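Please work through each task before reading its solution.

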Amino acid sequence: QCRSRLRNIVRTRSLLCNGPLQSAPTRESRTGDLCLSITRKLTMTEKAKTTSDDHYFMYFPGNYRWSAAFISMLGTSTWGGSDIGEVDRIGRLLKAAPKQTDEAWFDASVQIANETRAHAARYEKSGHRVSAAPFYLRACKYYQMAERFRTPKDARALEIYQHSIDCFHAFTRMTDVKIEIVEVPFVDGSMPGYFVHAQNSTASRKPAVVFFDGLDVTKEIQYM
């Protein structure tokens, strides 16, 4: 019986997609219209794929730097490094910008970072530290993503970078994850770092892994 129904569906679909449509607004004609509409959309999609040189998702077509950075923000949403709604708001501000300049990127990212940080401060002031922590973490991310394309580094870039550090330090004070702010001795000085304590380990001597950031990554972004 199931096979018979399937054959009928296939025959009906073939008739509706390839045969003449009924002039009356019957269920069959509406189904046929839908089938043709889907076929046209699929054809357009295939043409777009074949005419584009990009073989990966580009949030900003033709702008690899912005698209890669945007995907970096979206990619950390799963574990709290960003919020899809907040990142989308940054994207809308950028799409509305007259030109795709690094200044536009900086301004849009800082705007959402400031708003996110304000929410964090409000939660902290009202005594809701657990609620404030993730807002501080996300504000740190947006500030750092704003600063990354501002070159050469001027006073404004350094100010925003300091805001990101302040937000991450606030996060370490309020999160339930044990994180220590440390200075690692190095040559004649030291390097700032974080010691994230191992969780769910019963070993007397906990395992430790050392991470170093790269050319365009910071210790805060590594945590996210």
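A pocket is an open set of grid points where a 1.4 Å probe fits, with protein on both sides within 12 Å along at least five of seven lines. The model examined here is predicted.

**Exercise 1.** Determine how much space lies in the largest pocket, and which residues and elements line it.

*Solution.* 
1. The space in the largest pocket amounts to about 920 Å³.
2. Its lining comprises 24 residues, of which Tyr194, Phe195, Val209, Val210 and Phe211 are the closest to the centre.
3. Two or more lining residues come from each of helix 7 (155–174), strand 1 (179–186), strand 2 (189–196) and helix 8 (219–223).
4. Strand 2 makes the greatest contribution, with six residues.
5. Sorted by class, the lining holds 17 nonpolar, four polar and three charged residues.

**Exercise 2.** Characterise the second largest pocket by volume and lining.

*Solution.* 
1. The volume of the second largest pocket is about 180 Å³.
2. Among the residues that line this pocket are Gln144, Glu147, Arg148, Lys153, Tyr161, Asp216 and Ile221.
3. The class count for this lining is five nonpolar, two polar and four charged residues.

**Exercise 3.** Describe how helix 4 packs against helix 5.

*Solution.* 
1. The axes of helix 4 (residues 84–95) and helix 5 (residues 102–125) come within 9 Å and cross at roughly 145°.
2. The crossing of helix 4 and helix 5 is right-handed.
3. From helix 4, Glu86, Arg89, Ile90, Leu93 and Leu94 take part in the contact; their partners in helix 5 include Trp105, Ile112 and Glu115.
4. This contact involves seven nonpolar, three polar and three charged residues.

Conventions:
Residues are numbered from 1 along each chain as its sequence is written. This is a predicted model: local features need pLDDT of at least 70, side-chain atom pairs count only at pLDDT 80 or more; totals for chains, interfaces and linings use all residues. Side-chain values use heavy atoms; hydrogens and water are left out. Axes are lines fitted to C-alpha atoms, for helices over the stretch in contact, and angles run from 0 to 180 degrees between N-to-C directions. Helices (H or I, at least four residues) and strands (E, at least two) are DSSP runs, numbered from the N terminus. A crossing is left-handed if the near helix is turned anticlockwise from the far one by less than a right angle, and right-handed if clockwise. Contact means heavy atoms within 4.5 Å. Ala, Val, Leu, Ile, Met, Phe, Trp, Tyr, Cys and Pro count as nonpolar, Asp, Glu, Lys and Arg as charged, and the others, Gly among them, as polar. On a 1 Å grid over the protein atoms alone, a cavity is a set of points where a 1.4 Å probe fits but cannot get out, and a pocket is an open set with protein on both sides within 12 Å along at least five of seven lines; lining residues have an atom within 4 Å of a point. Grid points are joined across faces, edges and corners, and a volume is the space filled by probe spheres set on the points.
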